Amino acid sequence: MKSTIALVLLLMITFAASAAAQDTPAKDLFVSKCAICHGADGSAKTTMGKNLKIRDLHSPEVQKQSDADLKTMITKGKGKMPAFERKLTGKQIDQLVAYIREIVKQK
Ligand code: HEC
């Protein structure tokens with residue numbers, strides 16, 4: 001009986017966690033696919049970011065580019081920036097572009 005309750009609780013926690021994750025899919029994508037180089041907040045203050053001389057995504061140089069430019073950058077890659085066309089859908093890349101616009105407002 002005790003184990004049934006434990007199982008139900010576990011399921012509820014798992015469900016709550018996944019429901020919360022669905023609210024921020026772009027952030028999750030960014031953290032899982034981009035943060036190793038760009039840093040969780042996009043400011044590239046990571047070892048990789050410094051080594052690769054990645055610009056802070058908050059910077060005007062990045063933000064002045066159009067959504068289409070940023071999308072092409074993520075889709076096709078550039079230099080050391082990997083192409084994500086085989087790893088992400090067009091919709092996910094759109095969400096990431098929107099997320100890059102979003103992080104500036106958070107700072
Ligand atoms: C292996 C490290 C690496 C990963 C992973 C990575 N990037 Fe990059 N990214 C770079 C580098 C290096 C540049 C600079 C490219 C250049 O200008 O030559 C860059 C540039 C960019 C730029 C353009 C910034 C500018 O300077 O104009 C955007 C936007 C960007 N990345 C978004 C993303 C997104 C979104 C993801 C995840 C889906 C991602 N990157 C994953 C390394 C990475």
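Predicted model: local features only at pLDDT ≥ 70, side-chain atom pairs only at ≥ 80, totals over all residues.
Author: Angles of 65 to 115 degrees between axes count as roughly perpendicular.

Reader: Why are helix 2 and helix 6 called roughly perpendicular to each other?

Author: Their axes cross at roughly 95°. The class runs from 65 to 115 degrees. Helix 2 and helix 6 are therefore roughly perpendicular. The two axes come within 9 Å.

Reader: What makes the contact of helix 2 with helix 6?

Author: Helix 2 brings Pro 25, Ala 26, Lys 27, Leu 29, Phe 30 and Cys 34. Helix 6 brings Gln 92, Gln 95, Leu 96 and Tyr 99. These residues divide into seven nonpolar, two polar and one charged.

Reader: Why is the site of the iron atom of the ligand called octahedral?

Author: Six donors count as octahedral if opposite donors are over 155 degrees apart and all others between 65 and 115. Here there are six donor atoms, with angles of 87 to 179° among them. The site is octahedral.

Reader: Which residues coordinate the iron atom?

Author: His 38 (NE2) and Met 81 (SD) do, at 1.9 to 2.0 Å. His 38 lies in helix 2 and Met 81 in the loop between helix 5 and helix 6, so the pair ties together parts 43 residues apart in sequence. Both His 38 and Met 81 are buried.

Reader: Why does Asp 69 count as partly exposed?

Author: Buried means under 20% relative accessible area and exposed over 50%. Asp 69 has 41% relative accessibility, so it counts as partly exposed. Asp 69 belongs to helix 5.

Terms used
Residues numbered from 1 in each chain as written. Heavy atoms only, no water. Helix = DSSP H or I, 4+ residues; strand = E, 2+ residues; numbered from the N terminus. Buried < 20%, exposed > 50% of the residue type's maximum accessible area, 1.4 Å probe, protein only. Donors = N, O, S within 2.8 Å, 3.2 Å for Na, K, Ca; no water. Tetrahedral: all angles 85-135°; square planar, octahedral: opposite > 155°, others 65-115°. Axes fitted to C-alpha atoms, helices over the stretch in contact; angles between N-to-C directions. Parallel < 35°, antiparallel > 145°, perpendicular 65-115°, else oblique. Contact = heavy atoms within 4.5 Å. Nonpolar A, V, L, I, M, F, W, Y, C, P; charged D, E, K, R; others polar.
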